[in-house]
Amino acid sequence: MYHDPVSRGFITGYSAVTFIVTFPLVLLGPLGSLIRFLLSLPILGLWELLNATVRDHLLLNIVPSLYNIWNSRVYPPLESSEQMASMQKATTIRLVHILPDLPGMALRVQICTASRDGSIYDALSYTWGSHFMLRRIIQANNSKFLITDSLYRALRELRNEKERRTIWIDALCINQYDPKEKERQVAIMRNIFQNAQKVYVWLGEAPQYLGDAFKIIERLANADSDHIPSICAENSNAWHQALGELLLRKWWSRVWIVEEVALPRESDVVIRSGHHELPWAIMSRFLKKSDKVPDLKIDRKILDFIDLLAEIRSPSYAGPEHGLLTYALRFRHRVAVRPVDKLFGFLGLLKSDISTELTPNYRKSRLDVFIDFSLLNVQVMKNLSIMTLAEACPVTGHSWAIDWESLTSRDWKEYDRLDSYQRHSDLPNMFWNGGLLYSDIAALRSYDSAGSLESSCEISSESWHGQKLLLVEGWIADTVAVVGPCFTEHDLETHIDSCIKFAGGPWTELTGERPQAFLRTIVGDAWREDLLIHWPSQDTLDRLSGRSTWVKGAATTRGAEDLGARDGKPLLDSERTLAQRREFQRRALTYLCCFQRHFFITKSGRFGLGPTSMEVGDSVCVLLGSQVPLILENQRRSWMFKGQAYVHGLMDYEGDLKHDIESQKIVLKEFKLS
């Protein structure tokens, strides 16, 4: 009935407890059995009536909170209120001493305070586990303390027989019941992991043949690529199963592991499974070569993770171009118990002061955190690129703020709308997004409708229906007069014919101003005769095909035929004439610009391409910080963002915008975006 492991764990646990407690009633005969049955009904019946969201809230928030309340009595204070008020960042942390393994003694630890800098300790990177109902009891500071089964197994393996081991573990070293303490400790996570002597990556119990697998992996990591097949031929594929099981562990999907592995030196990170160990550097080198290993398949997201770690660790890495937003996008698939950790979990990767972008705050709702992040990103980056992404993403109720929880699923192996944007044709190709995601149109043509002036924004002192309003500056450049056809199917020619009629065509001559404006509009004014002959790339062809299948560059479906490959020849075949290749390129660019967009005409007679949600009467606005016009709907006391647009004649500001604003040739208006 229940497919999620948390619910199954709860029902199984409750049923077991009910059975044990009520078993004596069976001795009373049929009446006792009836009473026993009735006792089991209320909680199980109520549980079934609850929807998945309520059950998740109960098991992922309320139940762990009860555990945290119980555990909080053990903690010595970290800082006084005076210290917290006087210092920007915490200078004190807690450390755990895992006491020696003595015969007949339970697992024992001591939790003590220590200096953030100068202390000698290791750190643990692990996954808490999904069974929040199932807890193990250990002795912490001579008191009972509840921890997850995953952590219990890690502590048991890391415990020495004769001497204590000092280690930093988030679940033990941070009072999870104290949100202020969590905020201050998360803010220094960079220091904690950079100062650790070693970071142990705990991947759980060892699968069968793991010892052999680690030996083979080390040989392959240190071997030349040419020797890999011969090394593999010497061994059976049994080690594949052990490695595959290890790579399926939930640790790989967590948000926090990015910081925990990227911040320490690579040589200080050690993978631990059972009693087997392997240096992270060895595993990383092996995974980069894994495509050379016969019959071995590694999840693409793990390989991407390894590549991103190498990029972050590179001495030449200057940091993310778009600050925290870059990491939030790159690692958006990763799983977090608290949705806000999809942002807080990457703050330690920023070299600059985190207060310039976002400060950890676990007392705010997730939506408030997401809204604050969008606002702060616009203020720090001084552009509206994060807002343009909102057109393709679920939002918080504010048209300009991305809901990072709803953007991705809880299974990090599934893909989201932004993946669809990059891989398929579910979403329109963006005219501009500030370089946050690859765009074929933006790669061919850069726009500058706001004269490269930076945005300045703030939150309005007013609210609209309880929502915060984002204040930005710009001007209304035009108004949508009529909205034409929207290209959502793969029949490109039929759509273009409809747009031609809608625009007043067909025209006998194509050299006139109107037909030329039309031709430039449907290709986003990005077409040029000297377009590189190898454009579009195979990746772009894959995106263009959408639900179609492209094999080795050959068109095999109707979608491909609509782009000009009707004769069955490969789309990029060298036998094609230059004219044929140019015709195909023009069709491909038309497809990219028009797909999932309305053709429309403004009151001034301009042609444009706009979002599917646009309507007659919407305003075509140029906002400072956006390089393309935006479609906004006037809601009397506020404006709603609908999406970006191509509007012929408005894509590049002609003149000196700064001077024109100062001379009041252009009068800026304040827009309150809801």
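# Questions on a predicted model

Reader: Is Val96 buried or exposed, and what is its relative accessible area?
Author: Val96 sits in strand E1. Buried means under 20% relative accessible area. Val96 is therefore buried, as its relative accessible area is 0%.

Reader: How far apart are the C-alpha atoms of Val96 and Arg165?
Author: Arg165 is one of the residues that Val96 touches. Along the chain the two are 69 residues apart, yet their C-alpha atoms are separated by 8.0 Å.

Reader: Which residue of E6 is the bridge partner of Val96?
Author: Strand E6 covers residues 165-168 and pairs with E1 in the antiparallel sense over 3 bridges. Within E6, Val96 has as its bridge partner Ile167.

Reader: Which residue of E2 is the bridge partner of His97?
Author: E1 also pairs with strand E2, residues 108-115, in the antiparallel sense over 7 bridges. Within E2, His97 has as its bridge partner Gln110.

Reader: What share of the residues of the protein counts as buried?
Author: The secondary structure comes to 27 helices and 20 strands. The accessible surface is about 31000 Å², with 53% of it belonging to carbon and sulfur atoms. Of the 674 residues, the share that counts as buried is 53%.

Reader: Among contacts between residues at least 6 apart in sequence, what share joins residues at least 24 apart?
Author: The pair Val96 and Arg165 is 69 residues apart along the chain, and the two touch. For the protein, among contacts between residues at least 6 apart in sequence, the share joining residues at least 24 apart is 70%.

Reader: Which residues make the nonpolar surface patch of about 300 Å²?
Author: One member lies in the loop between helix H6 (170-173) and helix H7 (179-186), namely Tyr177. With a relative accessible area of 46%, Tyr177 is partly exposed, and a patch residue needs over 30%. The patch of about 300 Å² is made by Leu66, Ile69 and Tyr177.

Reader: How far apart are the closest N and O atoms of Arg587 and Glu493?
Author: A search of the whole structure finds 30 salt bridges, and Arg587 forms one of them with Glu493. Their closest N and O atoms are apart by 2.7 Å.

Reader: How many residues apart are Arg587 and Glu493, and in which helices?
Author: The pair links distant parts of the chain.

Reader: Which residues of H22 are buried, and what arc do they cover?
Author: The buried residues of H22 are Leu492, His495, Ile496, Cys499 and Ile500. They lie on the same side of H22, because the arc they cover around the axis is only 140 degrees.

Reader: What do the buried residues of H23 pack against?
Author: In helix H23 (residues 513-521), the residues Pro515, Ala517, Phe518 and Thr521 are buried. They cover an arc of only 160 degrees around the axis, so they are on the same side of H23. The buried residues of H23 pack against H22, strand E14 (598-602), strand E15 (607-610) and strand E19 (646-647).

How values were computed. Residues numbered from 1 in each chain as written. Predicted model: local features only at pLDDT ≥ 70, side-chain atom pairs only at ≥ 80, totals over all residues. Heavy atoms only, no water. Helix = DSSP H or I, 4+ residues; strand = E, 2+ residues; numbered from the N terminus. Buried < 20%, exposed > 50% of the residue type's maximum accessible area, 1.4 Å probe, protein only. Contact = heavy atoms within 4.5 Å. Areas by Shrake-Rupley, 256 points an atom, 1.4 Å probe, with all protein chains shown as cover. Pairing = 2+ DSSP bridges. Patch = residues over 30% accessible without salt bridge, like charges linked within 9 Å, V, L, I, M, F, W, Y side chains within 5 Å. Salt bridge = Lys/Arg side-chain N within 4 Å of Asp/Glu carboxyl O. Arc of directions from axis to C-beta. Lists of a residue's contacts leave out its neighbours within four places in sequence.
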